[in-house]
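Thanks for coming, everyone. Please put the structure up on the screen, and I'll walk you through it.

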Amino acid sequence: MRVYGGKGGLEWAQENPNQLWFTPYGRPKHPCPLYLEGFATIYAEAARAIHAAEADEKPDPEVIFPSVEDGLAGVKFIDAAVKSATSKGAWVRMT
């Protein structure tokens, strides 16, 4: 999957899921640091929320991890990317 913006692009391939590449505009691509650590942080935050729930406590408001709604937004993004790719790169509205 490739995502491009005004400052550069990101590239990720399922064949090599532990690597995320960043290409700053006008410069060569390079691996993103802390990619795996990002997932570790998400898992640690979710674990803190689970432990709080098990203790009948509210999680710390600083605990941040993706919600079901975030997952749905991600699936919609992937769906739009696939539709765009099968339409010769045409812009596709996310619904």
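Predicted model: local features only at pLDDT ≥ 70, side-chain atom pairs only at ≥ 80, totals over all residues.

Let me start with a term.

Take the largest pocket. Which element gives the most to its lining? That is α2, with five residues. The elements that give two or more residues to this lining are β1, residues 2–5, and α2, residues 68–85. In total, 13 residues line the largest pocket. Nearest its centre lie Arg2, Phe77, Ala81, Ser84 and Trp91. The space inside comes to about 390 Å³.

On to the second largest pocket. It holds about 220 Å³ of space. Its lining is Ile42, Pro66, Asp70, Gly71, Ala73, Gly74, Phe77 and Ile78. Again look at α2, which supplies the largest share of this lining, six residues. By class, we have five nonpolar, two polar and one charged. Notice Phe77. That residue is in the lining of the second largest pocket, and it is also among those nearest the centre of the largest one.

Now the sheet. In what order do its strands come? The order is β1-β2-β3-β4, in an open sheet of four strands with antiparallel pairing. β1 and β4 stand at the edges, each with a single partner strand, so one side of each has no neighbour in the sheet. As background, strands of a sheet pair through backbone hydrogen bonds, either parallel or antiparallel.

Let's go through the pairs. β1 and β2 are antiparallel, with four bridges between them. They make a hairpin, and two residues lie between the strands.

Next pair. β2, residues 8–12, runs antiparallel to β3, residues 20–24, and five bridges join them. Here Gly8 stands opposite Pro24 of β3.

Last pair. β3 and β4 are joined over two bridges, also in the antiparallel sense. β4 covers residues 30–31. Across from Trp21 you'll see Pro31 in β4. This is a hairpin too, with five residues between the strands. Within that hairpin, Gly26 takes a positive phi near 80°.

Stay with Trp21 for a moment. What sits over its ring? The charged end of Lys29 does, 5.2 Å from the ring centre. As for aromatic pairs, a search of the whole structure finds one.

Back to phi angles. Most residues other than glycine have a negative phi. So here are two to look at.

Where is it? Asp56 is in the loop between α1, residues 35–54, and α2. Is Asp56 buried or exposed? Its relative accessibility is 75%, so Asp56 counts as exposed. The cut-off for exposed is over 50%.

Lys88 lies in the segment after α2. Lys88 has 84% relative accessibility and therefore counts as exposed.

One more residue from the loop between α1 and α2: Glu62. With 61% relative accessibility, Glu62 is exposed as well. How far is Glu62 from Pro28? Their C-alpha atoms are separated by 36 Å, and the two residues are 34 apart along the chain.

To recap. The sheet is open, has four strands and pairs antiparallel. Thank you.

Conventions: Residues numbered from 1 in each chain as written. Heavy atoms only, no water. Pairing = 2+ DSSP bridges. Phe/Tyr/Trp six-rings, centres within 6.5 Å; stacked < 30°, edge-to-face > 60°. Lys NZ or Arg CZ within 6 Å of the ring centre and 35° of its normal. 1 Å grid on protein atoms, 1.4 Å probe; cavity = no way out; pocket = protein on both sides within 12 Å on 5 of 7 lines; lining within 4 Å. Points joined across faces, edges and corners; volume = space filled by probe spheres on them. Nonpolar A, V, L, I, M, F, W, Y, C, P; charged D, E, K, R; others polar. Buried < 20%, exposed > 50% of the residue type's maximum accessible area, 1.4 Å probe, protein only.
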